[in-house]
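Look over the structure below before reading on. The report then takes its parts in turn.

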Amino acid sequence: MTTLANPSTSSFNALESTDSKDGGLDSLKSPVSVPVTRTLTAESSSGHILAGTLGTLQFSESSTVLDQTLKRQHRRGMIQFGALCWCFVLEGWNDGSVGPLLPVIQAYYSVGFAVVSLLFVVNCCGFVVGAAVNIWLNERLGFGKVMVLGSLFQLATYAIQSPAPPFPALVFSFFLAGLGMSLQNAQANGFVGSLKKNKHAKLMMLHASYGLGAFCSPLLATHFATTRHWSYHYIISTGIAVSNTAVLCAVFRFRRQEDLLRQIGQEPNEEAQTNAPTLPSNNLYRQIFNIRAVHYLAVFAFIYVGVEVTIGGWIVTFIIRERDGGPTAGYISSGFFGGLTLGRLGLMYVNKKVGERKVVFLYVLLSIGLEITIWFVPSIIENAVAVSFIGALLGPLFPILVGYGARVLPPYLFTGGMGWITGVGTAGSAALPFITGILASKYGIKSLQPFLVAMMCTLVGIWAVVPKARRIA
């Protein structure tokens, strides 16, 4: 080390002087050890600095990679959610167009209330079939393929309706619409309901997308209802359906829900993986139907969705027949669905403040009061305003239902159970309008309001018996 240190001549002189005084070798060791010690200290310090610098660089690099991964997962999650929202826009577009076009369909095919209600009957059949086969299809095909299959059924619907086909063909197209929307609705609700981040806000936004489509559709359908070629409205619907199928194929690429959730950084539910193998039966249908909450929620969804679509579908006919409204009465249907959209977005704070269970009672009771005013107040303006407020109050109920189901149902059965619940619920969108048509054919369209009040009162009773805590059968 002395050679490396390369001491000067004066240093050697000092060493010789010290050696002569203190006795040679022992004295020599002391001054030599000083530079050696300093040299080792310098090397040690340099090593620590170098190691620290490398560690900082590695941490910085890993942090950058992690940030990029999180951004990529977030972006992919938003794209997936956007695709589902577009799917719900089309579903709302479908339901919103029925009300303004229903009087025109009656006149074009020269059919009464009972016969035109066949559209709702077969639509209900399509929803029930979709709800029944959804669980099996989900296990066999997976999320991505079932979504695309449902979109193809919906695309075929509008392709049949566009040229104003014979009435039997029009009826059959409503069956395909029910089947396709049932599959997409069940899968989309199950997917968003399985998310761990911002689930409740996304459910509200998802169903607000439905309201947005249902708000826009009557504006255009009312225009076509006043023209000779009323069925050309469905040409536009066909174009939207094509874009829906293309988006679903491009975004989800026929993959299963578990794979898609991993792409956005969410692993499968640990509780589901732990509990599923211990179940006494592998029959998914038996497992789901053994849970009492499934039946309560399904009946609630059936009546709620039925009330929602009955108002949007028959209110135009009620205003025209009972309040002497003109062809532009179709815009009242847009007011209802516009309120539905605003309610789902604007009442999220109220839902959180009051509590989702209590707020359902509040919204339904207020809706009953407004429905009674429509029943007894013969004013088009008052009825139109009341319908809009009813839409705003009823809007949050279905997203609350899906979010509540996530807490009541076991995680390993949530997707299948919620698929059945939403499937039965969408069947209500056909069954209750059909019952309305039967009542109207016998008692007149004035029977609409007492029927809706009775159904809303039933909602209150059913929600009261829905279990508050999770129950695993």
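## Overall build

Of the 473 residues of the protein chain, 50% count as buried. The model is predicted. The chain has 20 helices and zero strands.

Contacts reach across the sequence. Take the contacts between residues at least 6 apart in sequence: 84% of them join residues at least 24 apart.

## The nonpolar core

The largest nonpolar core holds 122 residues. Within this core, Leu-84, Tyr-304, Val-307, Ile-311 and Ile-421 touch the most other members. Helix H13, residues 292-322, supplies the largest share, with 17 residues. In soluble globular proteins, nonpolar side chains tend to be buried together.

Ile-311 shows what such a position looks like. Leave out residues up to four places away in sequence, and Ile-311 touches Phe-336, Glu-371, Val-387, Ile-390, Leu-394, Leu-452 and Met-456.

## Aromatic pairs

A pair of aromatic rings is described by the distance of the centres and the angle of the planes. The count here comes to 18 aromatic pairs. One of them joins Phe-120 and Trp-314. This pair is tilted, with 6.1 Å from centre to centre and 40° between the planes. Phe-120 lies in helix H5 (residues 118-140) and Trp-314 in helix H13, so the pair ties together parts that are 194 residues apart in sequence.

Phe-191 and Phe-252 form an edge-to-face pair. Their centres are 6.2 Å apart, and there are 70° between the planes. This pair also links distant parts of the chain. Phe-191 sits in helix H7 (residues 167-193) and Phe-252 in helix H9 (residues 233-252), 61 residues apart. Phe-191 is buried, at a relative accessible area of 2%. Phe-252 is buried as well, at 1%.

## A cluster and a charge over a ring

Aromatic residues also group beyond pairs. Tyr-108, Tyr-109, Phe-167 and Trp-230 form one aromatic cluster.

The charged end of Lys-202 sits over the ring of Phe-81, 5.8 Å from the ring's centre.

Which helix gives the most to the lining of the second largest pocket? Helix H3 (residues 25-109) does, with five residues.

Rolling a probe the size of a water molecule over the atoms shows where empty space is left. The count comes to three cavities of 30 Å³ or more. The largest cavity holds about 140 Å³ of space.

This largest cavity is lined by 15 residues. Closest to its centre are Glu-91, Asn-185, Tyr-210, Val-305 and Glu-308. At least two lining residues come from each of H3, helix H8 (199-225), H13 and helix H19 (414-443). H13 provides the largest share, four residues.

## The end of H13 and beyond

Glu-322 is found in helix H13. It has 33% relative accessibility, so it counts as partly exposed. Setting aside residues up to four places away in sequence, Glu-322 touches Ile-445 and Lys-446. The C-alpha atoms of Glu-322 and Ser-379 are separated by 9.9 Å, while the two residues are 57 residues apart along the chain.

Asp-324 lies in the loop between H13 and helix H14 (330-346). Asp-324 is exposed, with a relative accessible area of 67%.

## Positive phi angles

Most residues other than glycine have a negative phi, and most peptide bonds are trans. Asp-324 is not a glycine, yet it has a positive phi of about 55°.

Arg-253 is not a glycine either, and its phi is positive, at about 50°. Where is Arg-253 found? It is in the loop between H9 and helix H10 (257-263). Arg-253 has 54% relative accessibility, so it counts as exposed.

Methods:
Residues numbered from 1 in each chain as written. Predicted model: local features only at pLDDT ≥ 70, side-chain atom pairs only at ≥ 80, totals over all residues. Heavy atoms only, no water. Core = buried A, V, L, I, M, F, W, Y, C linked by side-chain atoms within 4.5 Å. Buried < 20%, exposed > 50% of the residue type's maximum accessible area, 1.4 Å probe, protein only. Contact = heavy atoms within 4.5 Å. Phe/Tyr/Trp six-rings, centres within 6.5 Å; stacked < 30°, edge-to-face > 60°. Lys NZ or Arg CZ within 6 Å of the ring centre and 35° of its normal. 1 Å grid on protein atoms, 1.4 Å probe; cavity = no way out; pocket = protein on both sides within 12 Å on 5 of 7 lines; lining within 4 Å. Points joined across faces, edges and corners; volume = space filled by probe spheres on them.
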